[in-house]
Amino acid sequence: MKTRKLLMIPGPTPVARSIQDQMGRETVAFGDPAFVKDFKELIEDLKVMFRCSGEVFVLAGTGTMGMETAIANVTKRGDNVLIVSHGFFGDRFIDLCTRKGLNVDVLSSEWGEIVPVDKIREKLKEKHYAAMTVTHVDTSTGVCAPVAEIGEMMKEFPETIYIVDGVCATAGEVEYIDDMGIDILFTGSQKAFGVAPGLTMLWVSNKAMERRKSLGTIPEFYIDFEKWLPIMHDPAKYFGTPAVNLVWALKEAVRLIKEEGLENRYARHKKYARIMQSALEALGFKILAKEGHRAVTLSNLVYPEGTDDAKFRGLLAEEGIMVAGGLGAYAGKMFRLGHMGNIDKHDLVSVIATIERAAYRAGMNVELGKGVAIVQKGLVE
Ligand code: PMP
């Protein structure tokens, strides 16, 4: 019999049945009154849940489009941008901004560590930056940036738009836009929301909307906030065809989040992450992110000396779990395990047990049941 495959890469994440059902619905006209009502409610829910007194945009496109949209709407050619990078996805902003003719300064950390907030403050004092980017969870390192603390510090620099990449964080890591002083937060549908890939959502402060206005006409067309704003206020209007079924799928994901409670969801992510991380450490894997800034949405696990990455991940797939490989200097030395979105206790027990079987078969020195016991204890405590 074929073994069921659990999708435990850091996005796309498992898509719950009720969300899949929304994607299977018969597509309607984007002007259909029932759809317009659904879209409107979705935007309102996203605003309220994440405490955003500004605007919310739900657009067809991936997380990378969210990055580009954020930058395009608050900067103009020749502006200075500060990029705080904790890995591969932080670095993605460098090329993106350079191509737009922005002057880029980068503050990078060693992989697994963070750039200290004081260091960011010192850099911001050097010159006027139109915007600053911080990746909440860099998927390449599993490092979680102290976005609230940075937001507090940003009060000293009101001229700089604070952009947070929440692609691997939003709906898993604690995030509230107004409370944290974030000007633009964006994410993708395929991560902690547990929807299929294809949507990017942005939360934009009034300050960032004012900045957009001050720029006049921008070179970008599809990703211009001013083109989409009338539609986000009244989805009966047209600018570009909305991804009807994905919008429904996201609405169902939001319904599930409301049913669970966002605070409970944050707590579940934290609890599950810490349980999994201690079980995986007990099996001999090393967590790349240093203690104190470990993400709750995924874990990046460095192999014990001598482990063959291709063999281990091959066996893991055979045993029924898909994980991702390491990026950059960690390719072949690490695997990345997502534990975000709509996953439950059954998934956790099954994932750790499967990792044990694969590690055992790969010749690692693991005691079968050791990780499972830690997860079981963690779940009943
Ligand atoms: N930022 C982060 C932190 C990500 O993890 C990813 C995707 N892994 C992206 C941006 C890019 O998103 P997408 O692949 O949806 O374009």
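**Figure 1. Strand β8 in the predicted model.** Strand β8 (residues 161-165) is largely enclosed by the rest of the structure, because five of its five residues are buried. The model shown here and in the other views is predicted. In a regular strand the side chains alternate between the two faces of the sheet. Both faces of β8 are covered: I161, I163 and D165 are buried on one side, and Y162 and V164 are buried on the other. β8 runs parallel to strand β5 (residues 131-135), to which five bridges join it. Within this pairing, I161 of β8 is the bridge partner of A131. Strand β9 (residues 184-188) is also parallel to β8, and three bridges join the two. Here D165 has F186 of β9 as its bridge partner.

Figure 2. I150 belongs to helix α6, which covers residues 147-153. The relative accessibility of I150 is 0%, so the residue counts as buried. Which residues is I150 in contact with, leaving aside its neighbours within four places in sequence? They are V117, I120, M132, V134 and Y162. F335, by contrast, is 29 Å from I150, C-alpha to C-alpha, and 185 residues apart from I150 in sequence.

**Figure 3. T141 in the loop between β6 and β7.** T141 is placed in the loop that runs between β6 (137-138) and β7 (143-144). Is T141 buried or exposed? With a relative accessibility of 1%, T141 counts as buried, because the cut-off for buried is under 20%. Apart from residues up to four places away in sequence, T141 touches H86, G87, W111, G112, L288, A289 and N300.

**Figure 4. Salt bridge between D45 and K258.** The closest N and O atoms of D45 and K258 are 3.1 Å apart, and the two residues form a salt bridge. D45 is in helix α2 (residues 33-49) and K258 is in helix α10 (residues 244-260), so this pair ties together parts that are 213 residues apart in sequence. K258 is partly exposed, at 47% relative accessibility. The salt bridges of the model come to a count of 28.

**Figure 5. Salt bridge between D224 and R212.** D224 and R212 form a salt bridge in which the closest N and O atoms are 2.8 Å apart. R212 lies in helix α8 and D224 in the loop between α8 (206-214) and α9 (225-233), so the pair ties together parts 12 residues apart in sequence. Both residues, D224 and R212, are buried.

Figure 6. R313 and D309 form a salt bridge, with 2.9 Å between the closest N and O atoms. Both residues belong to helix α12 (residues 309-319), where they are four residues apart, or about one turn of the helix. What is the relative accessible area of R313? R313 has 27% and is partly exposed, whereas D309 has a relative accessibility of 10% and counts as buried. A network of salt bridges links E318, E319, R357 and R361.

Figure 7. Helix α13 (residues 345-361) has 17 residues, which at 1.5 Å a residue should span 24 Å. The C-alpha atoms at its ends are 25 Å apart, which agrees with that span. At the start of α13, a side-chain oxygen of D344 comes to within 3.1 Å of the backbone nitrogen of H346. Just after α13, G363 has a positive phi of about 90 degrees. Which residues of α13 are buried? They are D347, L348, V351, I352, T354, I355, E356, A358 and A359. The elements that cover the buried residues of α13 include β1 (6-7), α11 (262-282), α12, β13 (321-322), β15 (334-338) and α14 (370-380).

Notes:
Residues are numbered from 1 along each chain as its sequence is written. This is a predicted model: local features need pLDDT of at least 70, side-chain atom pairs count only at pLDDT 80 or more; totals for chains, interfaces and linings use all residues. Side-chain values use heavy atoms; hydrogens and water are left out. A salt bridge is a side-chain nitrogen of Lys or Arg within 4 Å of a carboxyl oxygen of Asp or Glu. Buried means under 20% relative accessible area, exposed over 50%, partly exposed in between (1.4 Å probe, protein chains only). Contact means heavy atoms within 4.5 Å. Two strands pair if DSSP finds at least two bridges between them. The expected span of a helix is 1.5 Å times one less than its number of residues. A polar contact is a pair of N or O atoms within 3.5 Å; within protein, one must be able to donate a hydrogen and the other to accept it, and residues adjacent in sequence count only if both atoms are side-chain atoms.
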